[in-house]
Amino acid sequence: MSKAVDIEIGRQPPILKGFSLLALSFQTLGIIYSDIGTSPLYVLNGIWPADGPAPSKEDVIGGISCIIWALTLIPLLKYVLVALRFGSVEGEGGCFALYHGLLPPAHVTAEEDRLLTGETYKTGSAYRKKSNLSRFKWVLLPWALFGTSLTMADGIFTPAVSVTSAVGGIAVAVPSVSTHITPISIAFLFVLFAIQRFGTARLSFAFSPITMAWFLLLAATGVVNITKFPGIFRAFDPSRAVAAFIRTKNFDLLAGVLLAVTGCEALFANLGQFNKLSIQLSFTFITYPVLLLAYLGQGARLIVDGEDVLSNVFYNTIPGSTKGPLFWIIYVFAILATLVASQAMITATFSLVQQLMNMKSFPLLRMIYTSDSVQGQVYIPAANWSLAIATLVVVGVFKNLVTLTNAYGFAVATVMFVTTTLIAIQSHYVKHWPILASGALFLFFGFFDGLLFGAALKKVPLGAWVPLTIGFFLLTLMVFWTWARGLEEEFDGVNRKNLRHFIIPVDGGEEAGPKAEVVSSDESQEIEKNDHEAALNSRVVPRTLHLADDTGHPSGQVAVLPIMAIFYKFGSGKGIPHAFVGFLRQYPALPRVVIFLSIRILSIAHVNPENRFVVDKVRSIDGFYGVTYQLGFKDEFDVDVNAIIDDICNIEERARIGIDPPELVDATWEIREAARRTTHMQVYVHCPSASSGHQHLSSSVPHYNVVSKHVRFSQNFKLVNYAVNLVRRGLIELIYRRLSIIFPETANWLTPADEIIHVGVTARI
């Protein structure tokens with residue numbers, strides 16, 4: 001029989017070379033760069049509104065210079081060359097991944113998860129490695145979550161702005177259709193959200209050729225337009241940008257320039273969908289030069305034609321007639337490209353929600369993996385349709401592009417500044433840069449982020465309050481969930497028990513047996529002689545099991561029932577969870593076989609069946625086993641009880657070498673019979689089917705019925721204490737308790753909900 005081994009594979013970004021890397025780089029066009037790639041549709045009209053006067057030649061050159069250097073300093077230098085180096089070890093990007101890098105969770109091995117005995121358990125998954133930054137957790141965490149929440153809010157406005165701007169181009173050729181732009185945009189957006197279930201990989205292969213064709217059209221029209229006024233190349237001189245501000249004293253110009261760099265955070269947040277090198281290649285050699293040509297061409301035509309093209313700079317600068325074939329070709333690809341652009345923020349939102357759920361800062365939602373090779377490519381139905389509803393409402397309410405772009409830029413500018421601060425902190429504390437280098441990085445990028453943020457801040461009364469409100473709502477939810485979930489996990493960690501301190505084997509009124517140890521199914525060496533004797537003694541000498549009292553001495557005897565129970569361990573770490581302790585105190589009877597099952601999702605798509613279960617036996621207390629259930633991220637959740645029982649019996653045979661065969665037969669027979677017996681314990685029920693000999697499994701999982709404990713906030717003001725505890729009780733008992741039932745830990749199990757039994761144990765947190 002094959003022996004399972006621990007597979008300690010942490011999630012890592014895919015490492016590709018050659019054609020595979022080029023293929024992945026091509027896919028990024030359809031997922032990441034379509035957002036920033038469709039900005040030429042509306043940027044110049046964001047700087048010089050259609051209802052305003054035509055700008056002078058020097059103003060246009062200065063404005064285009066601002067765009068060129070904004071694209072160079074922020075997407076290219078800050079994000080592609082710097083930020084992508086600060087992704088998490090799992091290959092994720094975004095504000096929350098940066099926080100994760102600053103305060104990573106403590107690593108717990110699979111072997112530690114299976115260990116039910118030992119001396120120190122007061123650790124939980126909520127406990128983090130201590131660092132100099134630990135005391136600033138509740139400053140860094142809300143700051144990172146604020147950036148994350150605004151990125152998600154940006155996921156609402158990106159589809160709204162992009163699609164509406166593209167559809168609006170039809171008014172240039174057919175003015176009578178202008179009143180139907182909103183319903184047409186809504187129809188396109190609904191289709192986009194409806195196809196998300198097909199997954200990132202399939203969509204990117206369909207979308208990437210569209211984006212590539214769009215970029216070729218942008219580059220071609222840009223080159224043609226530049227020939228109208230080659231002097232536009234003077235925009236590469238940064239002094240032209242500075243001179244434009246000095247001359248016009250129009251700081252609002254930057255609010256329009258900001259629209260040219262929207263999509264930067266999607267570039268970083270989508271890191272988990274691809275990898276660093278693929279993103280760097282596609283931006284540096286395709287996206288960046290194409291955008292420069294597009295903006296230079298539009299600027300050249302605006303200088304030459306002025307008022308004639310100002311009403312809609314993008315569509316009016318397409319070479320040829322407004323009703324010619326090239327116009328309609330570009331119009332069709334503009335609509336397709338903006339639908340693809342919306343994909344960038346939708347997939348970024350999926351990646352961010354996945355990060356938040358993994359770090360227990362967001363309620364668990366149903367998540368579907370859509371790729372066999374990249375774990376970060378997921379589809380989250382609840383997030384998708386929430387985005388869809390919000391986006392359609394925004395398009396319907398704002399109605400025109402001007403008000404939409406006013407609301408759009410603020411979230412982008414804020415997230416960019418949050419990212420800069422977190423990168424600067426991580427560069428010193430994690431990458432160990434000299435503090436002067438980290439400070440210089442913050443001042444350099446922070447200066448430009450601050451300029452854009454200041455310009456966007458003036459838009460808050462004009463519509464930017466909408467994404468700000470959405471961001472604060474999401475921030476409140478995330479901070480609340482992180483706090484409440486942390487309290488629950490801290491309770492579980494502090495109250496986790498050493499099995500030997502809770503259940504005591506007694507022989508003739510005295511505690512007997514060796515110190516608790518484990519025998520693993522993956523051991524290849526033989527058990528040593530003293531272990532043979534210990535195992536032999538544990539079977540030859542009859543024992544009874546007793547619960548320990550508060551002093552650690554045996555108290556009442558525990559009855560042993562000829563059944564088997566599987567108890568899930570959701571919190572990682574050594575020892576038995578408090579939920580089992582509370583259960584046993586209420587129902588003082590033990591199954592003959594007790595299995596504590598830990599679930600580990602690995603960064604590979606599938607795990608071979610022979611490696612699914614790794615079993616450890618507690619030698620000093622007969623009948624207790626720690627099991628690790630190893631799953632690939634695309635494997636179905638299906639606990640094979642027979643495979644676990646085979647491993648347990650194999651361990652028993654090896655642990656009882658030298659024991660008379662009848663004794664061994666009795667032990668393995670008891671175990672197999674226990675697995676067949678019906679149990680009415682609400683743990684993990686194994687019932688023989690009435691119509692066949694197959695087992696019917698009802699999964700039962702631990703669930704804390706959380707209750708707010710009394711806290712003393714102030715020594716002198718009882719009224720303050722009363723108010724604090726009243727609010728605390730409302731948050732924990734009225735809100736968190738209900739939400740934890742609506743969004744259970746089993747959200748991503750494939751087991752039907754009616755086959756999952758939740759074991760409730762009171763936890764005072």
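1. Confidence. The chain has an average pLDDT of 80, and 82% of its residues reach at least 70; pLDDT is the predictor's confidence in each residue, on a scale from 0 to 100. This is a predicted model, in which local features need a pLDDT of at least 70 and side-chain atom pairs count only at pLDDT 80 or more, while totals for chains, interfaces and linings use all residues. Residues are numbered from 1 along each chain as its sequence is written, and side-chain values use heavy atoms, with hydrogens and water left out.

2. Helices (H or I, at least four residues) and strands (E, at least two) are DSSP runs numbered from the N terminus.

3. The pLDDT is below 50 over residues 509-542, a stretch with 66 contacts in the model beyond near neighbours in sequence. It is also below 50 over residues 678-698, where the corresponding number of contacts is 64. Contact means heavy atoms within 4.5 Å. Where pLDDT is low, the predicted coordinates should not be read in detail.

4. H4 with H11. The axes of H4 and helix H11 (residues 238-248) come within 7 Å and cross at roughly 125°. Axes are lines fitted to C-alpha atoms, for helices over the stretch in contact, and angles run from 0 to 180 degrees between N-to-C directions. H4 and H11 are therefore oblique to each other; angles under 35 degrees count as roughly parallel, over 145 as roughly antiparallel, 65 to 115 as roughly perpendicular and the rest as oblique. Residues of H4 in this contact include Glu58, Ile61 and Trp69, and those of H11 include Arg240, Ala244 and Phe245. By class, the contact has seven nonpolar, three polar and four charged residues. Ala, Val, Leu, Ile, Met, Phe, Trp, Tyr, Cys and Pro count as nonpolar, Asp, Glu, Lys and Arg as charged, and the others, Gly among them, as polar.

5. H4 with H20. H4 also packs against helix H20 (residues 435-457), at an angle of about 140° and with the axes 12 Å apart. This pair is therefore oblique. Among the residues that meet are Leu73, Leu77 and Lys78 in H4 and Phe444, Phe448 and Asp449 in H20. The contact has nine nonpolar, no polar and two charged residues.

6. H9 with H18. Helix H9 (residues 181-194) and helix H18 (residues 381-398) have axes that come within 10 Å and cross at roughly 175°. That makes H9 roughly antiparallel to H18. Leu189 and Phe193 are among the H9 residues in the contact, and Trp385 and Leu392 among those of H18. Here the classes are ten nonpolar, five polar and no charged residues.

7. Strands. Strand S6 (residues 544-548) runs antiparallel to strand S7 (residues 554-569), and three bridges join them. Two strands pair if DSSP finds at least two bridges between them. Leu545 stands opposite Val558 in S7. The hairpin of S6 and S7 has five residues between the strands, and Gly552 in this hairpin takes a positive phi near 90°. S7 pairs with strand S8 (residues 589-602) in the parallel sense, over nine bridges. Met564 has Val593 in S8 as its bridge partner.
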